[in-house]
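Welcome! Here is a short briefing on one protein model, written for someone new to reading structures. Have a look at the sequence and the 3D view first, then follow the topics below.

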Amino acid sequence: MGKNTKQRLSAALVTQLQRTPVDKITIKSIVDACDLTRQTFYNHFSDIYELVEWTAKEATAESLKNVADYDNWQHGFYNVMVTIKANRYLVENTYQSAYRDLLEKYIYAVLYRYIIAVVERQAVGMQVAQKHKDFIAHFYSLAFIALIFEWVKDGLKEDPGDIVEQTGVLIQGDFKKALHKYAE
């Protein structure tokens, strides 16, 4: 029941974001759309922004499921971008609000978990300090976030496949190369 309730609240948020900026959405309007009570909302989220964070995190995590290896990282990055485009109202309205940093924080957290899994798989058999693997994942997470937010700022016009392909050309083999340089 808990996850289903969260999903209902999230769906109501996404629907409202199609016509209302996040700063103007109220808990009352969300629970009314779901036929739930305010207390039910507060049983799951402390405020609207926590719901926005959860919604962004769930959408991003779902798009990266089952693609956490080097051979599939481009597919995962593409899935994130397609998910963002499918949830464009959520992303654009949050991006344009005072709460952009929350969106960035949660997309970063999901991307980092994904990228560190890729880095860890690439590092198998190498003696690389965890701080170096963490730095590689941090660097690429920031790069992907910057690409994503630039794309959002430009209105999501460019084809996600083109962005992913260009990114792939730039980092082809770079995870392994960096790991070798950090290897003890």
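Helix α2 is followed by Asp35, whose phi is positive, near 60 degrees. Helices here are DSSP runs (H or I, at least four residues), numbered from the N terminus. Please keep in mind that this is a predicted model, in which local features need pLDDT of at least 70, side-chain atom pairs count only at pLDDT 80 or more, and totals for chains, interfaces and linings use all residues. Residues are numbered from 1 along each chain as its sequence is written, and side-chain values use heavy atoms, with hydrogens and water left out.

**Helix α2 and the residue after it**

- Let's start with cover: buried means under 20% relative accessible area, exposed means over 50%, and partly exposed is in between (1.4 Å probe, protein chains only).
- Ile27, Ile30, Val31 and Cys34 are the buried residues to look for in α2. They lie on the same side of α2 because they cover an arc of only 90 degrees around the axis, where the arc is that of the directions from the helix axis to the C-beta atoms.
- The term stands for a side-chain nitrogen of Lys or Arg within 4 Å of a carboxyl oxygen of Asp or Glu.
- Asp32 and Lys28 are four residues apart in helix α2, so about one helical turn separates them.
- Asp32 is partly exposed at 47% relative accessible area, and Lys28 is partly exposed at 49%.
- Asp35 itself is found in the loop between α2 (27-34) and α3 (38-44). Its phi of about 60 degrees is positive although Asp35 is not a glycine.

- Leu156 is another residue with a positive phi, about 55 degrees, although it is not a glycine. You can find Leu156 in the loop between α8 and α9 (160-171).
- Is Asp35 buried or exposed? With 71% relative accessibility, Asp35 counts as exposed.
- Leu156, by contrast, is buried, with a relative accessible area of 2%.

- Helix α6 is mostly covered, with six of its eight residues buried. Those residues are Leu90, Val91, Glu92, Asn93, Thr94 and Tyr95.
- Glu92 is also part of a salt bridge: its side chain meets that of Arg88 at 3.1 Å, N to O. Both Glu92 and Arg88 lie in helix α6, four residues apart, which is about one turn of the helix.
- Glu92 is buried at 16% relative accessible area, whereas Arg88 counts as partly exposed at 24%.
- Now for Tyr95, where Arg100 lies over the face of the ring, at 4.2 Å from the ring centre. A charge sits over a ring if NZ of Lys or CZ of Arg is within 6 Å of the ring centre and within 35 degrees of the ring normal.

**Aromatic rings**

- A pair of aromatic rings is described by the distance of the centres and the angle of the planes.
- Rings of Phe, Tyr and Trp (its six-membered ring) pair if their centres lie within 6.5 Å; planes under 30 degrees apart count as stacked, over 60 as edge-to-face and the rest as tilted.
- How many aromatic pairs does this rule give? The count comes to eight.
- Tyr95 and Phe149 form an edge-to-face pair, 5.3 Å centre to centre with 90 degrees between the planes. This pair links distant parts of the chain, since Tyr95 sits in helix α6 (residues 88-95) and Phe149 in helix α8 (residues 130-153), 54 residues apart.
- Both partners have cover: Tyr95 counts as buried at 11% relative accessibility, and Phe149 counts as buried at 9%.
- Elsewhere, Phe41, Tyr42, Phe45 and Trp54 form one aromatic cluster.

- The structure holds five salt bridges. One of them joins Lys153 and Glu150, with the closest N and O atoms 3.5 Å apart.
- Lys153 and Glu150 both lie in helix α8, three residues apart, about one turn of the helix. Glu150 counts as partly exposed at 40% relative accessibility.
- Phe135 is in helix α8 too, and Phe135 counts as partly exposed at 45% relative accessibility.
- Together, Phe135, Phe139 and Tyr182 form a nonpolar patch on the surface, with about 300 Å² of accessible area.
- Patches are made of residues with over 30% relative accessible area and no salt bridge; like charges are joined within 9 Å, and nonpolar side chains (Val, Leu, Ile, Met, Phe, Trp, Tyr) within 5 Å. Accessible areas come from the Shrake-Rupley method with a 1.4 Å probe, and for residues only the protein chains shown count as cover.

Note on methods. Helix = DSSP H or I, 4+ residues; strand = E, 2+ residues; numbered from the N terminus.
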